[in-house]
Each structure stands twice: as structure tokens, then as C-alpha cells.
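Please look over the sequence and the model below. The text after it goes from the overall fold to the sheet and then to one helix.

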Amino acid sequence: MTRRRSSYRSIASLQRDNRVCRACFEAGFPLESLPVVLGYSGQRAYMFGQAPGIVEGQERRPWRGRAGKTLRRWLAMDEDTFYGTFYCASVTRCYPGRPASGRGDRTPTPREQELCSFWREWEFRLLRPQLVVPVGGLAIRRLLGVTGLAACIGRRYELDDGAAAIPLPHPSGASSWVNSPANRSLVERAVDLIRVEVARLDGG
Ligand code: SF4
């Protein structure tokens, strides 16, 4: 049974409950993995994806598949640097399975997104990340309320608490958006902005 306290004082206790969360399953949604929750090891930036893929669901670790490799290539980070820099979480944290069409992964429903936002809200309260990187249209929409990649990739936003938010498109290869030269240069601009913020965190 899913346990959600009215208040959390540490990320460790939040993660303990998040790792065994079954809220969507209890609400009737067909999840195909347990929650994917990366251990907190002092990361100061927050990577916010859409949902784990099949590989991540099996390994119970975020960004393990091809998309993760592309993301690290964009950021020019090896695995240790990537996982040491970014606390990685997502709009929903269990592998949602395939859609009826059988192509790609099922997009989590608005109800699942809502159920899972509990964990992110508490992570933000406890970790107070100074840099948040929403990855892909769904995460960008949830965090910033912005629709359309061209409108936001390459831009820096500021959240209510003063944290920087710098969106990236999803690196899964499912979308051809990143293939055009103009869009690729927007991605490069976003990566430059992220580097500046990460350097600021490291120096702070
Ligand atoms: S997607 Fe989120 S809210 Fe739903 S069961 Fe998994 S961890 Fe819980």
C-alpha cells in the first residue's frame, strides 16, 4: 500500500516511500515497473524527464538506455559526472508500458502525472535545486507551462524560488525535431546555458 506522509524531513525518508509507491497501480493504471528513484548523493542540479523507459524500469536507474547516452553526449559528461551532477527524476517514475499502437512508450495520463507530482514537489522542497533541466515536451509543459520546443529550447527561465530552468528536447530519437540544423543549434545553445549554470553551482 502506498504511503505518503503529510510531511518529510529528509530526502532519504521521501525516497524510501517513493521506491515502494504503487499509487497509479492502485488507481487502475497498468504500470510495468517499480518506481525508478536515483539515490541522492549531494547532486545540486535536478534533471526532470518524462518517465522511465523499459531499460530504466528493469535496472531501476534513470537514463540507462540510448536516450541517456545521447543526453550525456550532448552534455559532454561521462556517467560519473552526469549522475554526480544531476539528481534525476521524472514526471512519472514507473515504466508506463507500450501504448495500444505498440509503438514507443505510453504517455502517462494526466491523472498519473498528478499522482506522481507529489514526489517532485517534496524533492524540490527538500533539495532546493538551483538548476532544473526539464527534458522533453511533457516535462517542459509540467514545469514551465510552455508548449512547443522551438519556443523554449535555448532559453533560460527562472522559477519562483529563483532557480534556473533550462529545457532540453527529448533525446530518445523518437522525435525528428533535433535533426534540423537550426534546432540543433538551439540544443547547443541550451547546453551552453546548462554548462554556465553547472559551473556556477560547482563554484558556489
Ligand atoms: S508513477 Fe509515480 S505516483 Fe505512479 S506509482 Fe509510480 S511512483 Fe507512484
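Of the contacts in the protein between residues at least 6 apart in sequence, 67% join residues at least 24 apart. The model is a predicted one. The protein holds nine helices and five strands, and from the N terminus its elements follow the order α-α-β-α-α-α-β-α-β-α-α-β-β-α.

As for overall dimensions, a compact globule of 204 residues would have a radius of gyration near 17 Å, and the 16 Å of the protein agrees with this. Along the principal axes, the C-alpha atoms fill a box of roughly 45 × 45 × 30 Å. Buried residues account for 38% of the 204 residues.

The five strands form an open sheet in the order S2-S1-S3-S5-S4, and the pairing is mixed. Strands S2 (86–90) and S4 (157–158) are at the edges; each has a single partner strand, so one side of each lacks a neighbour in the sheet. Strand S3 (residues 131–134) pairs with strand S5 (residues 164–165) over two bridges, in the parallel sense. Within this pairing, Val 132 has Ala 165 of S5 as its bridge partner. Helix H9 (residues 181–203) packs on the sheet and touches strand S1 (45–49), S3 and S5. The direction of H9 makes about 150 degrees with that of S3.

Helix H7 (residues 137–144) contains the buried residues Gly 137, Leu 138, Ala 139, Ile 140 and Leu 143. Their cover includes S1, S3, S5 and helix H8 (149–152). Just after H7 comes Gly 145, with a positive phi of about 70 degrees.

Technical notes. Residues numbered from 1 in each chain as written. Predicted model: local features only at pLDDT ≥ 70, side-chain atom pairs only at ≥ 80, totals over all residues. Pairing = 2+ DSSP bridges. Helix = DSSP H or I, 4+ residues; strand = E, 2+ residues; numbered from the N terminus. Contact = placed C-beta atoms within 7 Å. Axes fitted to C-alpha atoms, helices over the stretch in contact; angles between N-to-C directions. Buried ≥ 20, exposed ≤ 12 C-beta atoms within 10 Å, placed from the backbone. Rg over C-alpha atoms; globule rule 2.2 N^0.38 Å.
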